[in-house]
Amino acid sequence: DALAAEIARVRDQGWAIVDGELEAGLRALAVPVRGRDGGAAAAVNVSTTTGTGSIGRLREHHLPLLLETARAIEADLLV
């Protein structure tokens, strides 16, 4: 139930952050790239280490850039 709730939360917010769950010291941010049907066709990701990239920096700096990049890829997919 907890996993299903987390997946729903991530789907609703449109992005996900991993903070050490996959590997100690790894932080990563991912956003979907949506296809013509609106479903996730792929994802773009940026990663850093816990020592050099805070969660706040991922959200405040990297997230807007990653969302912009995903939207540009989507626009190219629609051509």
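**Exercise 1. Salt bridges**

How many salt bridges does a search of the whole structure find? Identify the partners in each and describe how accessible they are.

*Solution.* The structure is a predicted model, and a search of the whole of it finds 3 salt bridges.

Step 1. Begin in helix H1, which covers residues 2-13 and holds both Glu6 and Arg9, 3 residues apart, or about one turn of the helix. Glu6 forms a salt bridge with Arg9, and the closest N and O atoms of the pair are 2.6 Å apart. Glu6 is partly exposed, with a relative accessible area of 35%, and Arg9 is also classed as partly exposed, at 41%.

Step 2. Continue to Asp19, whose salt bridge is with Arg27, the closest N and O atoms lying 2.7 Å apart. To classify the two residues, recall that buried means under 20% relative accessible area. Arg27, with a relative accessible area of 14%, is therefore buried, whereas Asp19, at 33%, counts as partly exposed.

Step 3. Finish with Arg71 and Glu74, whose side chains meet in a salt bridge with an N to O distance of 2.9 Å. Because they stand 3 residues apart in helix H2, about one helical turn separates Arg71 from Glu74. Arg71 is partly exposed at 36% relative accessibility, while Glu74 is buried at 13%.

Step 4. Side chains of opposite charge can pair when their charged atoms come close. An α-helix has 3.6 residues a turn, so residues three or four places apart point the same way.

**Exercise 2. The sheet**

In what order do the 3 strands of the open sheet lie, and is their pairing parallel or antiparallel?

*Solution.* The order of the open sheet is E1-E2-E3, and the pairing is antiparallel.

Step 1. Locate the edges, which are strand E1 (16-19) and strand E3 (40-49), each of them pairing on one side only. From one strand to the next, the twist averages 20°.

Step 2. Follow E1 into E2. These two strands pair in the antiparallel sense over 4 bridges, and Val18 has Ala28 in E2 as its bridge partner. E1 and E2 form a hairpin with 6 residues between them, and in its turn Gly20 has a positive phi of about 85°.

Step 3. Follow E2 into E3. Strand E2 takes in residues 26-34 and pairs with E3 in the antiparallel sense over 9 bridges.

Step 4. Place the helix. Helix H2, made up of residues 55-77, packs on the sheet and touches E1, E2 and E3, its direction making about 25° with that of E2.

**Exercise 3. The nonpolar core**

Which residues make up the largest nonpolar core?

*Solution.* The largest nonpolar core has 9 residues, namely Trp15, Leu29, Val31, Val33, Val44, Leu58, Leu63, Leu66 and Ala70.

Step 1. E2 and H2 each supply at least two of its residues, and the largest share, 4 residues, comes from H2.

Step 2. Turn to Trp15. Leaving aside residues up to four places away in sequence, Trp15 touches Val10, Leu29, Ala30, Val31, Arg59 and Leu63.

**Exercise 4. The opening helix**

What span does H1 reach from its first C-alpha to its last, and what span is expected?

*Solution.* Step 1. H1 has 12 residues and reaches 17 Å from its first C-alpha to its last, which is close to the 16 Å expected at 1.5 Å a residue.

Step 1. Just after H1 comes Gly14, which takes a positive phi of about 85°.

Technical notes
Residues are numbered from 1 along each chain as its sequence is written. This is a predicted model: local features need pLDDT of at least 70, side-chain atom pairs count only at pLDDT 80 or more; totals for chains, interfaces and linings use all residues. Side-chain values use heavy atoms; hydrogens and water are left out. Two strands pair if DSSP finds at least two bridges between them. Axes are lines fitted to C-alpha atoms, for helices over the stretch in contact, and angles run from 0 to 180 degrees between N-to-C directions. Contact means heavy atoms within 4.5 Å. A salt bridge is a side-chain nitrogen of Lys or Arg within 4 Å of a carboxyl oxygen of Asp or Glu. Buried means under 20% relative accessible area, exposed over 50%, partly exposed in between (1.4 Å probe, protein chains only). A nonpolar core is a set of buried Ala, Val, Leu, Ile, Met, Phe, Trp, Tyr and Cys residues joined through side-chain atoms within 4.5 Å. The expected span of a helix is 1.5 Å times one less than its number of residues.
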